Amino acid sequence: MSGPHNFNPGPAALPSSALEQAQAELLDFQGTGISILETSHRSPTYERLHNEAIERLRRLLGLDESFTVLFMGGGARAQFALAPMNLLGPDQAAEHIVTGKWSEVALEQAQKVGCAREIWSSTATGHDRVPGPSEIEPSPDAAYVHLTSNNTTSGTRFAEPPAVDGIPLVADMTSDLLTRPLDLDPYGLIYASAQKNAGPAGVTIVVARTSLLDRASTELPDMFSYAAMHQKNSLLNTPPVFAIYLVSLVAAHLEAEGGLVAQEQRNARKAELVYDAIDASNGFYRGHAQPESRSPINVTFRLPTEELESRFVTESAEAGLIGLKGYKTIGGIRASLYNAVSLADVQALVEFMDDFQRRHRAEA
Ligand SMILES: *Cc1c(COP(=O)(O)O)cnc(C)c1O
């Protein structure tokens with residue numbers, strides 16, 4: 001079955017092999033005679049699935065024993081508060097790099113918890129770039145430096161994490177975890193809600209350096225504590241069983257397709273097609289991000305007029321290309337090229353862009 005080309009920003013496209021497997025075993029999970037939706041999270045069946053999901057993520061990301069993988073609720077937004085609640089001491093500051101809508105919210109939420117300050121911002125230029133590796137200078141009292149690795153709404157991305165002198169990085173990787181291999185050395189904490197590349201909404205993947213977990217006060221309620229979640233292997237309360245099951249299927253699919261090195265190459269090829277179309281359009285399409293900050297995951301661009309932008313959204317949807325409307329504060333068009341968006345989807349988009357330009361050039 002060939003459905004529409006899905007460029008939704010999130011929840012977003014999932015690999016059809018994962019959805020088909022979930023469908024095939026929905027009523028009878030692996031011979032148990034009942035659905036995984038009806039299975040106790042304390043059963044050996046679920047425990048096996050849960051640990052397999054963690055193992056698959058560990059293998060994909062190349063994690064060693066210094067990191068733990070947690071499954072948590074509340075989305076990335078909960079992590080905006082949980083990171084400082086767990087990692088920020090009373091005489092320390094959380095230093096935030098503000099590169100988009102989500103990093104603005106992350107800072108605002110951290111400030112409700114403790115001392116959090118902005119040390120770099122692209123607000124003045126409409127979040128059109130991220131800082132270069134040597135532009136960041138954290139203070140000596142910084143507990144960590146927070147960044148958003150890929151800016152989903154504005155379409156910028158850190159090609160390299162900033163150099164911060166051994167201060168741990170805390171990264172919101174909601175829109176690019178599992179899109180490329182990572183050198184984990186600089187990171188203390190990584191979090192990503194699943195619904196961009198890793199699965200459905202409902203579970204957040206947290207990768208934490210275990211040596212940082214005892215920073216948190218023991219007064220912290222268990223459900224908000226990384227240490228307590230780690231101690232219970234994320235089975236402190238009833239986890240989002242079905243979401244974790246789908247994350248596991250997506251991770252298995254990625255492993256079968258050659259892991260994150262191969263995935264990064266596929267993503268780069270997809271992004272190149274769209275950016276080439278923008279750059280070859282003689283200014284009809286204008287990229288929002290500065291070239292060296294361009295995200296291969298969310299491509300943002302403008303057209304000559306807002307009128308043409310809304311026609312682009314309408315006509316593309318009629319042509320079976322969905323989810324292309326830009327985020328409200330950025331405007332224009334956003335093509336989200338997450339892992340499960342195929343090269344064929346992107347080729348269809350680029351053909352549409354070319355055709356749209358030919359038909360509407362005179363109105364520019
Ligand atoms: C989508 C997104 C969020 C919001 O995630 P929720 O799960 O809705 O809290 C946060 N940060 C980034 C980078 C995102 O792309």
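Trainee: Which pocket is the space taken by the ligand?
Mentor: The ligand takes up the second largest pocket. Keep in mind that this is a predicted model.

Trainee: How much space lies in that second largest pocket?
Mentor: About 200 Å³. It is lined by 18 residues, and A76, W102, T174, S193 and K196 are the closest to its centre.

Trainee: And which residues surround the ligand?
Mentor: There are 14 of them, with R77, T152, D172, S193 and K196 the closest. By class, the shell has three nonpolar, eight polar and three charged residues.

Trainee: Which helix gives the most to that shell?
Mentor: Helix α3, residues 75-87, which supplies four residues. Helix α3 also gives the largest share of the second largest pocket's lining, four residues.

Trainee: What lies 2.5 Å from an oxygen atom of the ligand?
Mentor: A polar side-chain atom of T152. Q195 also has a polar side-chain atom by a ligand oxygen, at 3.0 Å. On the nitrogen side, an N or O atom in the D172 side chain is 2.6 Å from a ligand nitrogen.

Trainee: How much of the ligand's accessible area does the protein cover?
Mentor: 87% of the 390 Å² that the ligand has on its own.

Trainee: Switching topic, what volume does the largest pocket have?
Mentor: About 830 Å³. Its lining counts 29 residues, and those closest to the centre are L14, P15, S16, A340 and D345.

Trainee: Which element gives the largest share of that lining?
Mentor: α1, with five residues. β1, α6, α7 and α9 are among the elements that give two or more. The lining splits into eleven nonpolar, twelve polar and six charged residues.

Definitions and conventions. Residues numbered from 1 in each chain as written. Predicted model: local features only at pLDDT ≥ 70, side-chain atom pairs only at ≥ 80, totals over all residues. Heavy atoms only, no water. Near = heavy atom within 4 Å. Polar contact = N/O pair within 3.5 Å; in protein donor to acceptor, adjacent residues only side chain to side chain. Areas by Shrake-Rupley, 256 points an atom, 1.4 Å probe, with all protein chains shown as cover. 1 Å grid on protein atoms, 1.4 Å probe; cavity = no way out; pocket = protein on both sides within 12 Å on 5 of 7 lines; lining within 4 Å. Sits in = over half its atoms within 2 Å of the grid points. Nonpolar A, V, L, I, M, F, W, Y, C, P; charged D, E, K, R; others polar. Points joined across faces, edges and corners; volume = space filled by probe spheres on them.
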